[in-house]
Protein chains: 2
Amino acid sequence: MPRALTLAAIEAMDAADPLGPIRERFTLPEGIVYLDGNSLGPASPAVFGELEKTARDEWGEGLIRSWNTAGWFDLPITLGDRIGRLIGAEPGQTVVCDTTSINIYKAVHAAMGLRPERPVIVAEASSFPTDLYMAEGVLSTRTGTRMLLEGVDAPAIEDLIDERTAVVLVNHVNYKSGELRDLAVLTRRAHEAGALVVWDICHSAGALPVELDRANVDFAVGCTYKYLNGGPGSPAFIYVARRHQAEALQPLSGWWGHARPFAFEPHFHGDAGIRKFQCGTQPVLSLRALQAALDAWEGVEMTAVREKSLALTDLFIRLVEARCGGVGLTLESPRERARRGSQVSFAHPHAYEVMQALIERGVIGDFRAPSTMRFGFTPLYLSYRDVWYAVEVLEEVLRTEAWREERFAVRAAVT
Amino acid sequence: MPRALTLAAIEAMDAADPLGPIRERFTLPEGIVYLDGNSLGPASPAVFGELEKTARDEWGEGLIRSWNTAGWFDLPITLGDRIGRLIGAEPGQTVVCDTTSINIYKAVHAAMGLRPERPVIVAEASSFPTDLYMAEGVLSTRTGTRMLLEGVDAPAIEDLIDERTAVVLVNHVNYKSGELRDLAVLTRRAHEAGALVVWDICHSAGALPVELDRANVDFAVGCTYKYLNGGPGSPAFIYVARRHQAEALQPLSGWWGHARPFAFEPHFHGDAGIRKFQCGTQPVLSLRALQAALDAWEGVEMTAVREKSLALTDLFIRLVEARCGGVGLTLESPRERARRGSQVSFAHPHAYEVMQALIERGVIGDFRAPSTMRFGFTPLYLSYRDVWYAVEVLEEVLRTEAWREERFAVRAAVT
């Protein structure tokens, strides 16, 4: 990063950015700096075209025939393998289906089944909550089991992992602080204790290199509507290491997981491979939107994404601290690069109101109670100039006292 | 029905059909008679428009803000209530989410939890298989439980229901034969034995009146891509009678089922109402397609649908038997109106080949192994003229010997 953070220096960073041209693959509204791609990625002209083709030609004209002629039936597998390339998974281990929550259930249940003598799930109190809720759901079906939480039962998750641990359920990047865990190290630690790992990679898939195969991960689950830009509520994915596929069982044993789904047999016989982790019929329109969105990754290497992500977040932290000092902001994300995901969170006593003011001025991030402003940095379509502009607006909002009363009034109206 | 089945008489039936104008709400390819709306309903111009608006305006321009401003978050509830009107359910008992398979799991699990001292699920060997597979999944998590099947453990399901029965899991209309069960009578029989019912209404929702509230049904699950025309793989729905909602528990306890999903609390506290049966984020594009598809029901009463459905299936049976006698067809659907859903199945020794020949000639039904041809009759967009034409083509195919060798060759190539 250049030492003097002039606008000219920042524009030079954009000019030298190898990912700069990728931005053209996305549709971004005029006058918006979008720092919430870690919640919902943007659309693209390719997605609009694909949706129209799927709806008018495949569904409208092809009707039922398109299940075979248009390849709908295999979409969960073909899209799974394409995501596999982005998360360090060889083909045949990733399938796109259902929701993150449902896939957490499958993975945790399967992992506990592979360690039947061990009664404990170890997780994080700071986890994205649905992971904990789904683990509670699994535990509700297995007597004598329980969950231990980092932040409640011990300060560090490593101290909770022992010979009673069946599963370590952990977020690769924390949804709130953006803190990045060392996936390889914690996986090794769990394996040394004889436990299995389930990684939630919702906030790392498409944001940074995730080397599932190389780290010997057992299970991973992620969503496709954040950094993968699949569209609102696009189906999630589940990764199951090939070595576990034959033995692992998950109770959501629907016909799409059957070895012979169209034989209509009265008893369930699971597929021997990754298909066993499917359950029922998937929403084809949403799958097709995801398919087109994945085209944006063509020619993109995750190492380049990570490099730009760190440069964007470095720049944001540095500019904010240089220009917005003394107005109540506290950095909540790790300053250390190796522990930082692709977002930056700042706490502020009036975080909700400040974020509303930013959004009204076209800088879209989000708010997490009680006092966190999250800013997501997505290297495929953000420029260094965007970062500069966002900080300009943030400074303006923070240094203007007038917003406070205005925003309190808005909040009262909303709640 | 007119006694003399001339084409003129049939055209007179179309002219007098009060549902005739509804056909204009759908997009049907030229030259096709579509008798597979019981597998995948057709598209409509309204759906294309809604998809484009959702993708370009709400997602593309609105981005994350549309979760609130465009009402995405409440779609499962608002669409659930709209489907409720078609299945005899007062508002607040139906939610659109996940897949039929997943919702069967929730319903069966919840029902067993409400009858903890009872170890048996009673179901049908002829059930759509995924229902049995999901019930097996539930049983795999509950020791000492088992399933008894009509057609295996007794000829009639009524004989299997006793004081050990927790749940009767049953299809309202059989997917293969089109046989219709008496929902009210079987529900009463189950309740008399102290058991609960889970009705699979995939093949009756949108096909005929389903009086869930009036029959005192406990749980029901159905899909939206057949008679409701929601599009390929559109999300399913689950109905939970209000009297069970507070007490019933389902283990797929994701954040969308939490009483306060955005409080991000570390423990699950289920919503007191139907929202508890949601789990994770739903595919908005597919939900929006369903929303537009449901507009086609405006002003349509299910009694009129049923009347036309029976007239269509009566006509089909009568024409086929009048014109295709002596060529190996056997009626597999009930001749009795009260036991017939909205499809007609015929067995034929070369059912696969005959169906392929029909599809090539633009009459689309489907095949179910080993020897069933299914023809679905969907009153919103089929005419009596369509039925006439379909039988014309069927007769032509069946009376032409040449197709046999041709079709055997095709089958070999396909398998």
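Biologist: How many bridges join strand 12 of chain B to strand 13 of chain B?

Modeller: Three bridges join them, and the two strands, with strand 13 at residues 372-376, run antiparallel. Strands here are DSSP runs of E with at least two residues, helices are runs of H or I with at least four, and both are numbered from the N terminus. Two strands count as paired if DSSP finds at least two bridges between them. This is a predicted model, where local features need pLDDT of at least 70 and side-chain atom pairs count only at pLDDT 80 or more, while totals for chains, interfaces and linings use all residues. Residues are numbered from 1 along each chain as its sequence is written, with chains lettered from A and ligands numbered from 1 in the order in which they are written.

Biologist: Which residue in strand 13 of chain B does F367(B) stand opposite?

Modeller: M373(B).

Biologist: And what is the strand order in that sheet of chain B?

Modeller: It is an open sheet of four strands in the order 9-10-13-12, with antiparallel pairing. Strand 9 (330-331) and strand 12 (366-368) of chain B are at the edges with a single partner strand each, so each has one side without a neighbour in the sheet.

Biologist: What lies across strand 9, strand 10 and strand 13 of chain B?

Modeller: Helix 10 (residues 302-323) of chain B, running at about 25° to strand 10 (343-347) of chain B. Axes are lines fitted to C-alpha atoms, for helices over the stretch in contact, and angles between N-to-C directions run from 0 to 180 degrees.

Biologist: Which residues of helix 2 of chain B meet helix 9 of chain B?

Modeller: A46(B), V47(B), E50(B), L51(B), T54(B) and A55(B) do, and their counterparts in helix 9 include V284(B), L285(B) and R288(B). Contact requires C-beta atoms, placed from the backbone, within 7 Å. Ala, Val, Leu, Ile, Met, Phe, Trp, Tyr, Cys and Pro count as nonpolar, Asp, Glu, Lys and Arg as charged, and the others, Gly among them, as polar.

Biologist: How many residues does the contact take from each chain?

Modeller: 62 residues from chain A and 62 residues from chain B. Helix 6 (129-140) of chain A is one of the helices that each supply at least two residues on the chain A side. Helix 6 of chain A gives the most to that side, with nine residues. The chain A side has 35 nonpolar, 21 polar and six charged residues.

Biologist: Last one: how is chain A divided into domains?

Modeller: Into domain 1 (7-30 + 301-414) and domain 2 (49-297), with bounds from an automatic or database domain assignment. Their C-alpha centres lie 30 Å apart. The contact between them takes 22 residues from domain 1 of chain A and 14 residues from domain 2 of chain A.

Key: Two residues are in contact if their C-beta atoms, placed from the backbone, lie within 7 Å.
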